[in-house]
Amino acid sequence: MAHWQSILKQAINSPADLPERLQPTMPDPTKVTAIYPMRINSYYLSLIKDKGDPLWLQAVPQAQELHDQVCVADPLAEEDLSPVANLVHKYPDRVLFLVTSQCAMYCRFCTRKRKVGTANMVITDRSIQEGLDYIRHHPQIKDVLISGGDPLLLSDERLDWLLASLRAIPSVEIIRIGSRVPCTLPMRVTVKLCRILKKYHPLYINTHFNHPGEITPEAALACKRLADAGIPLGCQTVLLKGVNDDAQTMATLLRKLLTIRVKPYYLFQGDLTRGTNHFRTTIETGQAIMAQLIGHTSGMAVPTYAVDGPDGAGKIPLTPNYIQSLGKQLCFTNYQGRTCFYDNGG
Ligand SMILES: *Cc1c(COP(=O)(O)O)cnc(C)c1O
Ligand code: SF4
């Protein structure tokens, strides 16, 4: 068994096994974990400093998960948009292909909380074959996003086989992997894994960091190995109350990501996923954070702030509004709040 597999095997699945000082604040946390599983591995646990801190909030079950009166199980209508199980075809030229139900940690804010790590998510050899067949028979699909769960939890052999199968489909141009492993279990990113991945270019990885405290030497090494294998790295951060909903924390996170060779791609407004309402901020909060980033920090560090629209509407950018009026002239506000003009011609 590889080192990362033994770390995963020993992960804590029951709140009672957490150190006393990091225990959940509710009386009977197994009420939560009976519905939404918990998994905290020793690596991520070692990064949590105190009860209630931004990493604790992401990992440890809370009573609010059970008392969410606002959100719904499947806000993005992924199940309705699945022509075959575990494959979401929402946009014309790309699909989301779910290949495992397992993650290195079960994040409390997960958008697929209804199923990841539970018996509700059934992925079999057959469902994967059906997904591959669907992609093969729909040549308009140019971009396949492999997700889950966390695809990098598959064994080396299984990933090698899956990527080879996708690459054998001539209409597939790019392959993307969505993985939180560089953040939650960076030792999974072995030299051997990178040797496998680099056979399947053009391959992109979008990872997922939410707080500067997650950017460690181990995470930096994982990202270096992936980047050295020629894989462009993006990050899909989620805006989370109490974790990263202030401009200072967000700016530090985004700048640190660039230093480990990860380009911030999206900053997501929280989805309306049942059990996660306590993590949501308002869109005004997100836009105020963006206004403090744009122009004030490297453009390389600035992600697209977006909301994934309910019922499969797709991702809508929520860039703060700089335009005051647009006609023969563009009248706009610059990043410092100064009013400026641009001759629009015509
Ligand atoms: C987010 C998403 C994509 C990819 O969207 P991009 O804007 O291209 O990153 C594709 N399919 C589904 C179902 C998605 O949710
Ligand atoms: S790693 Fe991703 S898919 Fe897995 S629980 Fe966390 S947010 Fe959800």
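1. A polar contact here is a pair of N or O atoms within 3.5 Å; within protein, one must be able to donate a hydrogen and the other to accept it, and residues adjacent in sequence count only if both are side-chain atoms. R94 has such a contact: a polar side-chain atom lies 2.7 Å from an oxygen atom of ligand 1. For Y266 the distance from a polar side-chain atom to a ligand 1 oxygen is 2.6 Å. K315 places a side-chain N or O atom 3.1 Å from an oxygen of ligand 1. The protein covers 90% of the 390 Å² of accessible area (Shrake-Rupley, 1.4 Å probe) that ligand 1 has on its own.

2. The model is predicted: local features need pLDDT of at least 70, and side-chain atom pairs count only at pLDDT 80 or more, while totals for chains, interfaces and linings use all residues. Residues are numbered from 1 along each chain, chains are lettered from A and ligands numbered from 1 as written, and side-chain values use heavy atoms, without hydrogens or water.

3. β1 gives the largest share, three residues.

4. The shell splits into six nonpolar, no polar and five charged residues. Among its members are V88, L145, R176 and D308.

5. There are zero disulfides (cysteine sulfur pairs within 2.5 Å). C331 is in none; the nearest cysteine sulfur, that of C340, is 8.4 Å away.

How values were computed. Near = heavy atom within 4 Å. Helix = DSSP H or I, 4+ residues; strand = E, 2+ residues; numbered from the N terminus. Nonpolar A, V, L, I, M, F, W, Y, C, P; charged D, E, K, R; others polar.
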